Amino acid sequence: MSVVSITREGEVAVVTIDNPPVNALSQAVRQGLWDAVSSLDADPQVRAVVLVCAGRTFIAGADVTEFGKPPQAPHLPDLVDRIEGAQKPWVAAIHGSALGGGFEVAMGCRFRVAVEGASVGLPEVSLGIVPGASGTVRTPRLAGFEAAVELVTSGKPVKAAKALSLGLVDAVFADDLQAHALAYARDALTRDLPPPVSVRPVTAPDPGFWDEKRKAVAKAAKGAEAPLRALDCLRKAAEAPFAEALAHERQTFLDLRGSDQAAALRHVFFAERAAPRPAHLKGVDPLPLRSAGVIGGGTMGAGIAATLRDAGIPVTLIERDDEALKRGMATLRAIFEGAVKRGKLTEAQAQDRMAGVTATTDYAALSDADLVIEAVFEEIGVKRAVFDQLAAACRPDALLATNTSYLDPRLIAEGLQNPERFIGLHFFSPANVMRLLEIVPVPETSDRTLATGFALGRMLNKIPVQSGICEGFIGNRILKRYRTSAEALVRKGIAIADIDAAMRDYGLAMGPFEAQDLGGLDIAYLQREGARAAGQDVPETLGDVLVRAGRKGQKTGGGWYDYAPGDRKPQPSAAVADLLAERIASPAAMDRDAIARHLVAEMAAEGQAILDESIAAKASDIDLVEIHGYGFPRWRGGPMWATGHRG
Ligand code: 3HC
Ligand code: NAI
């Protein structure tokens, strides 16, 4: 069957795109639309055209799988022009998402209507490119430059109601999109048509506007190139005629499409989409997840409860006593209140989130839970006691999960009845924000349990990555190597502040030492001390020296740096220099770029060891762990991609 078909509803033709899964603009779709314009222009019975899509969404954009290949006619900009130049007015009827090239096709139409819940946007910058078919030139003609800059440089879509208020769409309907779009088209025929978008005037902002936006966009981009190039395109759209701005946009699009950043971002795009559905679990049905328990309402437990509630799952929160329970509920409430303050939730939604939480110290409340996640103190004895109670209280088929960071999940599961339902689910702090979820099966874990872990990841909108068992799993093991390697540079005489600056320049939000000062040096120290007490040979680290001198990070007024009271700005510390003097070589210089390349190579070397030991299944999983758990710059593709480890 053809991907583009035409039916007739009286004098209005309906053009339907049916190209699953997301109606991307493959060559066949472009050709089909091109031919549809020709045949409908030639059909005297047709006076208007409604463009709809079958399946779950309107056109989600250019076909990203075609990006590595030579472009094939008809080219998208020509198609958009052709639809705009059609003799009959086209009405784009949008459900799901109209993204990138999809929204550009919609802007080629004379009208755009949408169903409630739909969204429109230009996400190209998140793929390292700019809109390539007039997005930067037509959008400001509909919505002005303020909105166009936000839409194009952030890449974030907007919902139908917002799109209506910005002028990006002409009408929004509650339901029955196609019928309303047909009625809209018929009604439009009774009135004068508005001019095509390309001939509408723009109001050019003054130069100060561009300076201000440039600063803001550069700050948010953190080294990504596309947002700034997109801003240049928008400026061109303000200051040059339509055709000239369009040519500039096209050239920028073609330049960027072959760039390293775009290749890296495409790698992340496909890795993120593959991660939630690993091939080895194909055909394994997950268990239903209708209710959950969380044991421990501390930092992690409260965050995990919040993310479960965000997904609509009722939660029973268990603590060791009433005092701790009260604190846990207060932490949870503070999470939702914070979301209300930031405009992410309404007051009513926050109340609903809290109403779905049962707080208790009684494990009997878990008798019908489908899943329980343990997030109590990182002590094997405490955790084992919790699982004993869970085994007694829960259904034998209830999934039992631990959020341990460093303990061996096999030891936690030892002696558990029905261990096939046991699994590690390692969330990252704050658990309701961070998207990474490491999924750690023990040898007894059944495929069904594993598949349910991934299903939970999808429900929570996380990026689930399977990890084998080793100290720190994938992420914290690489973190340890990264920190050790950074300390080794300090020992060689490289300044701490230079190392942090090098990693910031590379695109991380923080360098390794300032990040430790923020999180506290004591947690890793205690862990090392624990290992030493257990007889392991753990060499002294520079961090140990600082903690022993009372320098645990910002919370004690100093760690790797000094901090003035109430100020989070790290200041190089003479005290640290003194403390470490014996262990550090005389000052040495290293180019920042070389520092960053060295540390990323160290991360990748650990990643390779993790692959060799089959702790991770593929290099792209390691990249996802670093991007979604540790703030590695997305546009670099992750440490494995950045150092040429593919697959
Ligand atoms: N091209 C090719 N394949 C695409 C695609 C695209 N633009 N968008 C999604 N897919 C594929 C995914 O890889 C996935 O494939 P799989 O099932 O084989 O793994 C499948 O479609 C479903 O994708 P999701 O899992 O993401 O589905 P969701 O329902 O969760 O989300 C969506 C749907 C919101 C449309 C989301 O897929 C999305 O955001 N897509 C990307 C949109 C985008 O970036 N468009 C811009 C493209 S660039 C462009 O248009 C340039 C132009 O200006 C010239
Ligand atoms: P926390 O100390 O903030 O919270 C632990 C909570 O567990 C406390 O509220 C405590 O009262 C409760 N608790 C202790 N024993 C209990 C019992 N027997 N029954 C019920 N509740 C009990 O600790 P945090 O940071 O939340 O860590 C919890 C777990 O999550 C640990 O295993 C930790 O390794 C892991 N983790 C921590 C991360 C972090 O960044 N803090 C990240 C990922 C995992």
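Predicted model: local features only at pLDDT ≥ 70, side-chain atom pairs only at ≥ 80, totals over all residues.
Which residues in helix 19 are buried? They are Pro512, Phe513, Glu514, Ala515, Gln516 and Asp517.

**Helix 19 and its surroundings**

Helix 19 spans residues 512–519 and is mostly covered, with six of its eight residues buried. Those buried residues pack against three other helices: helix 17 (473–491), helix 18 (496–506) and helix 21 (542–548).

**Two helices side by side**

Let us now move back along the chain to another pair of packed helices. Two packed helices are described by the angle between their axes and the distance between the axes. For helix 2 (residues 76–84) and helix 3 (residues 101–108), the axes come within 7 Å and cross at roughly 25°. Angles under 35 degrees count as roughly parallel, and helix 2 and helix 3 are therefore roughly parallel to each other.

Who meets whom in this contact? From helix 2 come Leu76, Val80, Asp81, Ile83 and Glu84, and from helix 3 come Gly101, Glu104, Val105 and Gly108. The residues of this contact divide into four nonpolar, two polar and three charged.

Strand 5 pairs with strand 7 (residues 119–121) in the parallel sense, over three bridges. Within that pairing, Ala98 stands opposite Val120 in strand 7.

**Backbone details in the loops**

The peptide bond from Pro20 to Pro21 is cis, and Pro21 lies in the loop between strand 2 (12–17) and helix 1 (27–41). Another cis peptide bond joins Ala73 and Pro74; Pro74 sits in the loop between strand 3 (48–53) and helix 2.

Asn23 is in the loop between strand 2 and helix 1, whereas Ser614 is in the loop between helix 23 (592–612) and helix 24 (619–630). The table puts the angles together.

| Site | Angle | Value |
|---|---|---|
| Pro20 to Pro21 | omega | near 5° |
| Ala73 to Pro74 | omega | about -5° |

Are Asn23 and Ser614 buried or exposed? A residue counts as buried if 20 or more other C-beta atoms lie within 10 Å of its own, and as exposed if there are 12 or fewer. Asn23 has 28 other C-beta atoms within 10 Å, so Asn23 is buried. Ser614 has 8 C-beta neighbours inside 10 Å and therefore counts as exposed.

**An annotated stretch**

Finally, what does the UniProt record list for residues 292–466? The unreviewed entry gives "domain: 3-hydroxyacyl-CoA dehydrogenase NAD binding" for this stretch. In the model, the chain over residues 292–466 is 42% helix and 21% strand. The end C-alpha atoms of this stretch are 21 Å apart.

Key
Residues numbered from 1 in each chain as written. Chains lettered and ligands numbered in written order. Axes fitted to C-alpha atoms, helices over the stretch in contact; angles between N-to-C directions. Helix = DSSP H or I, 4+ residues; strand = E, 2+ residues; numbered from the N terminus. Parallel < 35°, antiparallel > 145°, perpendicular 65-115°, else oblique. Contact = placed C-beta atoms within 7 Å. Nonpolar A, V, L, I, M, F, W, Y, C, P; charged D, E, K, R; others polar. Pairing = 2+ DSSP bridges. UniProt positions renumbered as here; feature names shortened; annotations may be inferred.
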